[in-house]
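Subject: Structure for your review

Dear colleague,

Please find below the structure that I am handing over to you. My notes on it follow directly after.

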Amino acid sequence: MKSNDSLWSQADRLAMTEALQLARQGQFTARPNPMVGCVLVKNNEVIGRGWHQKAGLAHAEINALASVSGKASGATCYVTLEPCAHQGKTGPCAKALIDAGVKKVIAAMEDPNPLVAGKGFQILLDAGVEVEYGLMEQQAQELNKGFVSRFTRKRPWVTCKLAMSIDGRTALASGESQWITGAAARSDVQKLRAKQDAIMTGVGTVLRDNPSLNIRSKDVIPSEELKKSTENWFEVATKIGFKQPARVLFDRHASANIEAKIFNDNAQVYWVTNGAELPEKKNLVLVKARPKLVETMEYLADLGMNNVLLESGHQLAGEFIQQGLIDELIVYMAPKLMGNHGKGLFELNIETMQQNIHLALKDIRQLGDDIRLVYEIKE
């Protein structure tokens, strides 16, 4: 069933490219489900399109089938993820494709979820539907790397976001850090947050800065995906059913004030402590601190979280990177100098060049006067 990537035709690639573009439209609302797009082709023409908007609503294949009003018989279905085989909040997509008379399914990748994992393909094959997968597999896995991580590594994909001056300082010696970057970079952070299942921070950041860690629509620049719309991405996502990411607060001694901004909306807050008694508050969950951070990450994966964002000071960020738990590092660098006494990015105990942590640069772009650098940690 899995085909060599070099064997696909240009028409196949164009159809899957469109399916991937459709899938990205769910980047702010599909969580904790994966982003999925679907294109139906018949007689060499695209006749139907669909994408998964929100957990609990119809999957991409169902939306694509609905768009052709029963005319999918004999069509080829291009979908970015293996059609589901189980009954969840919606019915199995594999069966829906069979009932619609689709003759062939070409998927980008197999579903890593053990509830599906080849079962969707097998249902289709048993019904006489041709099945192939592997077309643009790398792009599909990159699109849903958090979802893949949750099932293959049993933990979410962890992104660490930092803002720094050109001399590598995240705050002055006093702790003052607002604002290092400009409006365009801060707007970009809003979109980065909106893609997360949770935003994590430490008690030091809460005590010092009292951040809300929420997504705000004010002054947000429209995203590339929605730039043709007269509305900004936040307004569009809200109409579909956007919800604020959960917050995870690492605070072993429960030192944070319950009146802190992090607690003052309807988002779920997971307060990681050593078991101190916490006040009763809606949407507040007490989480027993584990000896290793990876155990807390596994707990978040068990909750269904695919992607989490770390926004913290240098101490907690250092703990995460030393324990091998940061997958992606996003640094916003401002054209400022903050001096020798400012705080650095990470608190790391590195004594020799052999202990250096190596990074792979994935993307670089200018946002206003600032530069955004995206790295993955090299293993």
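Is Leu 213 buried or exposed? Leu 213 counts as buried because its relative accessible area is 3%, and the cut-off for that class is under 20%. Please bear in mind that this is a predicted model. Leu 213 belongs to the loop that links α8 (203-209) and α9 (233-240). Its phi is near 55 degrees, a positive value in a residue other than glycine.

Backbone geometry

Most residues other than glycine have a negative phi, and most peptide bonds are trans. Lys 154, in the loop between α6 (145-152) and β6 (157-165), has a positive phi near 65 degrees. As to the peptide bonds, the one joining Arg 31 and Pro 32 is cis, with omega at about 5 degrees. Pro 32 is located in the loop between α1 (10-23) and β1.

Helix α2 spans residues 60-67, and its buried residues are Ala 60, Glu 61, Ala 64 and Leu 65. These residues lie on the same side of α2, because the arc they cover around the axis is only 130 degrees. An α-helix has 3.6 residues a turn, so residues three or four places apart point the same way. The buried residues of α2 pack against the strands β1 (37-42), β2 (45-51) and β3 (76-79), and against helix α3 (93-100).

The crossing in which α2 passes α3 is left-handed. On the α2 side the contact is made by Glu 61, Ile 62 and Leu 65, and on the α3 side by Cys 93, Ala 96, Leu 97 and Ala 100. Of the residues in this contact, six are nonpolar, none is polar and one is charged.

The loop around Asn 113

Asn 113 sits in the loop between β4 (104-107) and α4 (119-126). Asn 113 counts as buried because its relative accessibility is 13%. Leaving aside residues up to four places away in sequence, Asn 113 touches Phe 147 and Phe 151. Asn 113 and Thr 152 are 39 residues apart in sequence, while their C-alpha atoms are 8.6 Å apart in space.

Yours sincerely

Definitions and conventions
Residues numbered from 1 in each chain as written. Predicted model: local features only at pLDDT ≥ 70, side-chain atom pairs only at ≥ 80, totals over all residues. Heavy atoms only, no water. Buried < 20%, exposed > 50% of the residue type's maximum accessible area, 1.4 Å probe, protein only. Helix = DSSP H or I, 4+ residues; strand = E, 2+ residues; numbered from the N terminus. Arc of directions from axis to C-beta. Contact = heavy atoms within 4.5 Å. Left-handed = near helix turned anticlockwise from the far one by under 90°. Nonpolar A, V, L, I, M, F, W, Y, C, P; charged D, E, K, R; others polar.
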